[in-house]
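Hi everyone, thanks for coming. Let me put the structure up on the screen, and then we can walk through it together.

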Amino acid sequence: MENTTLIERAIESAKCRIYRVRANVGESLAHQVKVDNQVEIQQVTIEALEKQIAKKPCVGNDKQGDITCPHCKGILGFVDCWQLHSYNKHCPTCGQKLDWK
């Protein structure tokens with residue numbers, strides 16, 4: 001099985017957990033806090049997993065011709081020195097996996 005497919009299935013599983021946890025909300029404040037914590041954990045899991053799916057950098061979408069991260073918009077390099085930065089497999093700012101193909 002392709003790694004991306006496994007990651008996508010894990011993301012779907014985490015989303016289902018959020019739905020199930022929210023569907024079983026009790027009335028007590030303590031239970032609500034527990035539910036909120038579980039939802040937050042699943043959301044962090046989803047965000048981390050989504051960063052493992054390679055995305056193409058945004059090239060020259062701004063006035064300066066910067067190459068930016070598709071997730072955090074952090075600058076990865078500049079169009080005139082594309083080859084110098086194409087070896088980075090992940091964004092140094094947020095960790096998003098990059099697809100330079």
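Let's begin with a pair of helices: α1 and α2 cross in a left-handed way, left-handed meaning that the near helix is turned anticlockwise from the far one by less than a right angle, whereas clockwise would be right-handed. Which residues make the contact between them? On the α1 side they are I7, A10, I11, A14, K15, R17, I18, V21 and R22, and on the α2 side V35, Q38, V39, Q42, Q43, I46, L49 and E50. Whenever I say contact, I mean heavy atoms within 4.5 Å. By type, the residues of this contact come to 10 nonpolar, three polar and four charged. In that count Ala, Val, Leu, Ile, Met, Phe, Trp, Tyr, Cys and Pro are nonpolar, Asp, Glu, Lys and Arg are charged, and the others, Gly among them, are polar.

Before going on, a word on where this comes from. What you see is a predicted model, in which local features need pLDDT of at least 70 and side-chain atom pairs count only at pLDDT 80 or more, while totals for chains, interfaces and linings use all residues. Residues are numbered from 1 along each chain as its sequence is written, and side-chain values use heavy atoms, with hydrogens and water left out.

How confident is the predictor? The score is pLDDT, the predictor's confidence in each residue, from 0 to 100. For this chain the mean pLDDT is 86, and 87% of the residues reach 70 or more. Where pLDDT is low, the predicted coordinates should not be read in detail.

Now the overall layout. The chain has three helices and three strands, and along the sequence they follow the pattern α-α-β-β-β-α. Helices (H or I, at least four residues) and strands (E, at least two) are DSSP runs, numbered from the N terminus. Of the 101 residues in the chain, 28% are buried. Buried means under 20% relative accessible area, exposed over 50%, and partly exposed in between, with a 1.4 Å probe and protein chains only. Among contacts with a separation of 6 or more, 41% join residues 24 or more positions apart.

Back to our helix pair. The axes of α1 (residues 3-23) and α2 come within 9 Å and cross at roughly 165°. That angle makes α1 roughly antiparallel to α2. Here axes are lines fitted to C-alpha atoms, for helices over the stretch in contact, and angles run from 0 to 180 degrees between N-to-C directions. Under 35 degrees counts as roughly parallel, over 145 as roughly antiparallel, 65 to 115 as roughly perpendicular and the rest as oblique.

Let's zoom in on two residues of this contact. I18 is in helix α1. Is I18 buried or exposed? I18 counts as buried, because its relative accessibility is 10%. Leaving out residues up to four places away in sequence, I18 touches V39, Q42, Q43 and I46. Neighbours within four places aside, Q42 is in contact with A14, R17 and I18.

C-alpha to C-alpha, T4 is 9.7 Å from L49, although the two are 45 residues apart in sequence. T5, also in α1, is partly exposed at 33%, and its C-alpha is 9.4 Å from that of I53, 48 residues away in sequence.

Finally, two loop residues. Q52 is in the loop between α2 and β1 (58-59) and is partly exposed, at 36%. Which residues does Q52 contact, leaving aside neighbours within four places in sequence? They are I7, H90, G95 and K97. The C-alpha atoms of Q52 and Q96 are separated by 6.4 Å, with the residues 44 apart along the chain. K73 is in the loop between β2 (66-68) and β3 (75-78). K73 has a positive phi of about 70° although it is not a glycine, and at 52% relative accessibility it counts as exposed.
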